[in-house]
Amino acid sequence: DLDQMGREQDKESDKLALLGEVDRHRRHMLSNHTAWKKANLATKLSLQNLEKESLLYEFRQRKVTKEGLAQTSSDITESPMSISQMMSQQAVLETNDEFKAMTGTIQLGRKLITKYNCRELTDKLLIFLTLVLFLTTVFYILKKRLFFLQTRHN
């Protein structure tokens with residue numbers, strides 16, 4: 001846009017100033033672009049060197065003796081066994097926790113049943129005493145009425 005504006009200027013001095021500014025910006029842009037390409041290339045080379053070194057290090061690490069392979073094999077076999085053992089221990093712990101919770105619930109149930117049995121006994125005793133009182137009252141009333149009727153007939 002600045003280049004186009006420079007070409008369209010009527011004054012020669014303004015035209016030269018704008019075109020000079022455009023040229024300076026263009027050179028600066030090309031310089032930045034070249035520097036960016038160089039930095040990008042240097043980074044790629046550096047990454048490639050790091051990758052080569054990493055691969056060489058990994059390759060050296062993979063040179064394992066027969067004893068190392070036997071140890072690795074043993075470790076691989078022991079790993080599932082230890083996982084299995086840890087899982088069974090965890091299951092035992094969880095079962096123990098559930099057992100403790102159930103024990104508390106059972107004890108609470110036992111207390112409630114004992115309490116309700118005592119109340120049932122108390123309720124039966126009260127019903128019995130109420131029935132005795134009722135029957136005694138009925139007999140008393142009957143006795144008084146019958147006695148009253150007998151005294152009237154005599």
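Visitor: Why is Asn-40 called partly exposed?

Guide: Asn-40 has a relative accessible area of 30%; since buried means under 20%, exposed means over 50% and partly exposed is what lies in between (1.4 Å probe, protein chains only), Asn-40 counts as partly exposed. The residue is found in helix 2, where a helix is a DSSP run of H or I with at least four residues, a strand is a run of E with at least two, and both are numbered from the N terminus.

Visitor: What should I keep in mind about the origin of these values?

Guide: This is a predicted model, in which local features need pLDDT of at least 70 and side-chain atom pairs count only at pLDDT 80 or more, while totals for chains, interfaces and linings use all residues. Residues are numbered from 1 along each chain as its sequence is written, and side-chain values use heavy atoms, with hydrogens and water left out.

Visitor: How do you know where in the chain confidence is lowest and where it is highest?

Guide: By pLDDT, the predictor's confidence in each residue from 0 to 100, helix 1 (residues 2–8) is lowest with a mean of 72, and helix 2 (residues 12–62) is highest with 86. The chain as a whole averages 84, and 92% of its residues score at least 70. Where pLDDT is low, the predicted coordinates should not be read in detail.

Visitor: What makes up the pattern of the chain along the sequence?

Guide: The pattern reads α-α-α, in keeping with a count of three helices and zero strands.

Visitor: How do you know how the chain compares with a compact globule?

Guide: The radius of gyration, taken over C-alpha atoms, is set against a globule rule of 2.2 Å times the number of residues to the power 0.38; for 154 residues a compact globule would come near 15 Å, but the chain has 53 Å. Along its principal axes the C-alpha trace spans about 160 × 75 × 15 Å, and buried residues make up 2% of the chain. The C-alpha atoms of Asn-40 and Glu-78, which are 38 residues apart along the chain, are separated by 49 Å.

Visitor: Why is the contact of Arg-24 with Glu-21 called a salt bridge?

Guide: The term asks for a side-chain nitrogen of Lys or Arg within 4 Å of a carboxyl oxygen of Asp or Glu, and the closest N and O atoms of Arg-24 and Glu-21 are 2.4 Å apart, so the pair meets the definition. Both residues lie in helix 2, three residues apart, about one turn of the helix; Arg-24 is partly exposed at 47% relative accessibility, as is Glu-21 at 27%.

Visitor: How many salt bridges does this rule give?

Guide: The count comes to three. One of them joins Asp-23 and Arg-27, with closest N and O atoms 3.1 Å apart, and these residues lie four apart in helix 2; Asp-23 is partly exposed at 36%, whereas Arg-27, at 51%, counts as exposed. In helix 3, Glu-120 and Lys-124 are likewise four residues apart, and their closest N and O atoms are 3.6 Å apart. Glu-120 is partly exposed at 41%, whereas Lys-124 is exposed at 52%.

Visitor: What makes the nonpolar surface patch?

Guide: A patch takes residues with over 30% relative accessible area and no salt bridge, joining like charges within 9 Å and nonpolar side chains (Val, Leu, Ile, Met, Phe, Trp, Tyr) within 5 Å. The patch here covers about 860 Å², with areas from the Shrake-Rupley method, and its members include Leu-131, Phe-134, Leu-135, Val-138 and Phe-139. Leu-135 sits in helix 3 (residues 66–153) and is partly exposed at 39% relative accessibility.

Visitor: Where does UniProt place the "transmembrane region"?

Guide: An unreviewed UniProt entry places that feature at residues 125–142; such annotations may be inferred rather than shown by experiment, with feature names shortened and positions in the numbering used here. In the model, residues 125–142 are 100% helix and 0% strand, and their end C-alpha atoms lie 25 Å apart. The record, again unreviewed, also lists "domain: Sec20 C-terminal" at residues 73–146, a span that is 100% helix with end C-alpha atoms 108 Å apart.

Terms used
Areas by Shrake-Rupley, 256 points an atom, 1.4 Å probe, with all protein chains shown as cover.
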